[in-house]
Amino acid sequence: MLLLKGKPVAEQIYHDIRQRSQALVKAPHLAVILVGNDPASEVYVGIKEKTCIDIGFKSSLYKLAANITEHELAKKIHELNTDTAVDAILLQLPLPAHLNARKLTNLIAVQKDADGLTAQSLGLLVSAQAQVASCTPSGIMAMLRYYQLSVAGKKVLVIGRSLIVGMPLFHLLNQSNATVTLAHSKTTGLKDLVKDFDFVFVAAGQPHFLKATDFKKNAVVIDVGMHRKTEGLIGDVDPDGAEGHLSAMTPVPGGVGPMTIVMLMYNTLILSEKNRAK
């Protein structure tokens, strides 16, 4: 069984980012908005800042109080939208409960939408006109290209319909000429359904929701899940029995995980190149 590790894919993309960013007069500039003190968000933002430094990007962090009003946060987003020194904007999610995350995300200008999550960016993705796509789905597509796993003409199942992973991934796979089925929490007979597909992308959000042996013999399984348990990080798929049954599978940790931040950096580079070309 081929183990689909994210690290070598990410390293190749970082190499490409460094080379292309050197051709720019000014380093790409990513602005990150962090509202409140969510511990996981603070860790993720710290990793993003460090990564920017490592690859020569400029990073600006705007830490805002947890009790900020929607009006005040909208004003900050507008300021960054109109700041010509900023190439890309990321609004770190989740937001405090009193803030409308979808409404505020949609305020980010499409030409600065580093995460590809605004309604306009998603609409461009559906019509195959997107400049950038959501980080985790685009990272998964980069992994498939790196490992030369073509989905063209294949029967493909995506489990999960979130705007962050499932829905964007559905469209990216469709644009790669896969025959794509989308399943979700309301899909009946899911464990029987998975046996019919050559590729299965699992973003169910439930630890060990499926077993490796639930899938078709020689299927390719991409596990997007990540859950912290006492025994460590585990995914949506229990890998026991994968060897000898699946043809390829992503490990957790070390599979899809490394791709999310590298694709955020790649998206920032793409947006900076587009902005400088105007």
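**View 1. Helices α1 and α2 lie oblique to each other in this predicted model.** Helix α1 covers residues 7-21, and helix α2 covers residues 39-55. The two pack at an angle of about 55 degrees. Angles under 35 degrees would count as roughly parallel and 65 to 115 as roughly perpendicular, so this pair falls under oblique. Their axes are 10 Å apart.

**View 2. Residues at the contact of α1 with α2.** From α1 come Y14, I17, R18 and S21. Facing them in α2 are T51, D54 and I55. By class, the contact holds 3 nonpolar, 2 polar and 2 charged residues.

**View 3. An open sheet of 3 strands.** The strand order is β3-β2-β4, and the pairing is parallel. The edges belong to β3 (58-64) and β4 (88-91). Each of these has a single partner strand, so one side of each has no neighbour in the sheet. From one strand to the next, the twist averages 15 degrees.

**View 4. The pairing of β2 with β3.** Strand β2 spans residues 29-35. It joins β3 in the parallel sense over 7 bridges.

**View 5. The largest cavity.** A search of the whole structure returns 2 cavities of 30 Å³ or more. The largest holds about 60 Å³ of space. Its lining consists of I89, L90, L91, L93, T105, I108, D113, D115 and L117. Strand β4 gives the most to this lining, with 3 residues. The lining divides into 6 nonpolar, 1 polar and 2 charged residues. D113 and D115 are among the lining residues.

**View 6. The second largest cavity.** Its volume is about 40 Å³. The lining is made up of V110, S121, L124, A130, Q131 and V132.

**View 7. An open sheet of 6 strands.** The strands run in the order β1-β13-β9-β7-β5-β6, with parallel pairing. At the edges stand β1 (2-3) and β6 (179-183). Each pairs with a single partner strand, so one side of each is left without a neighbour in the sheet.

**View 8. The pairing of β9 with β13.** Strand β9 covers residues 220-223, and strand β13 covers residues 248-249. They pair in the parallel sense over 2 bridges. V220 has A248 in β13 as its bridge partner.

**View 9. Helix α7 on the sheet of 6 strands.** Helix α7 (residues 166-175) packs on the sheet. It touches β5 (155-159), β6 and β7 (199-202). The direction of α7 makes about 170 degrees with that of β6.

Definitions and conventions: Residues are numbered from 1 along each chain as its sequence is written. This is a predicted model: local features need pLDDT of at least 70, side-chain atom pairs count only at pLDDT 80 or more; totals for chains, interfaces and linings use all residues. Side-chain values use heavy atoms; hydrogens and water are left out. Axes are lines fitted to C-alpha atoms, for helices over the stretch in contact, and angles run from 0 to 180 degrees between N-to-C directions. Helices (H or I, at least four residues) and strands (E, at least two) are DSSP runs, numbered from the N terminus. Angles under 35 degrees count as roughly parallel, over 145 as roughly antiparallel, 65 to 115 as roughly perpendicular and the rest as oblique. Contact means heavy atoms within 4.5 Å. Ala, Val, Leu, Ile, Met, Phe, Trp, Tyr, Cys and Pro count as nonpolar, Asp, Glu, Lys and Arg as charged, and the others, Gly among them, as polar. Two strands pair if DSSP finds at least two bridges between them. On a 1 Å grid over the protein atoms alone, a cavity is a set of points where a 1.4 Å probe fits but cannot get out, and a pocket is an open set with protein on both sides within 12 Å along at least five of seven lines; lining residues have an atom within 4 Å of a point. Grid points are joined across faces, edges and corners, and a volume is the space filled by probe spheres set on the points.
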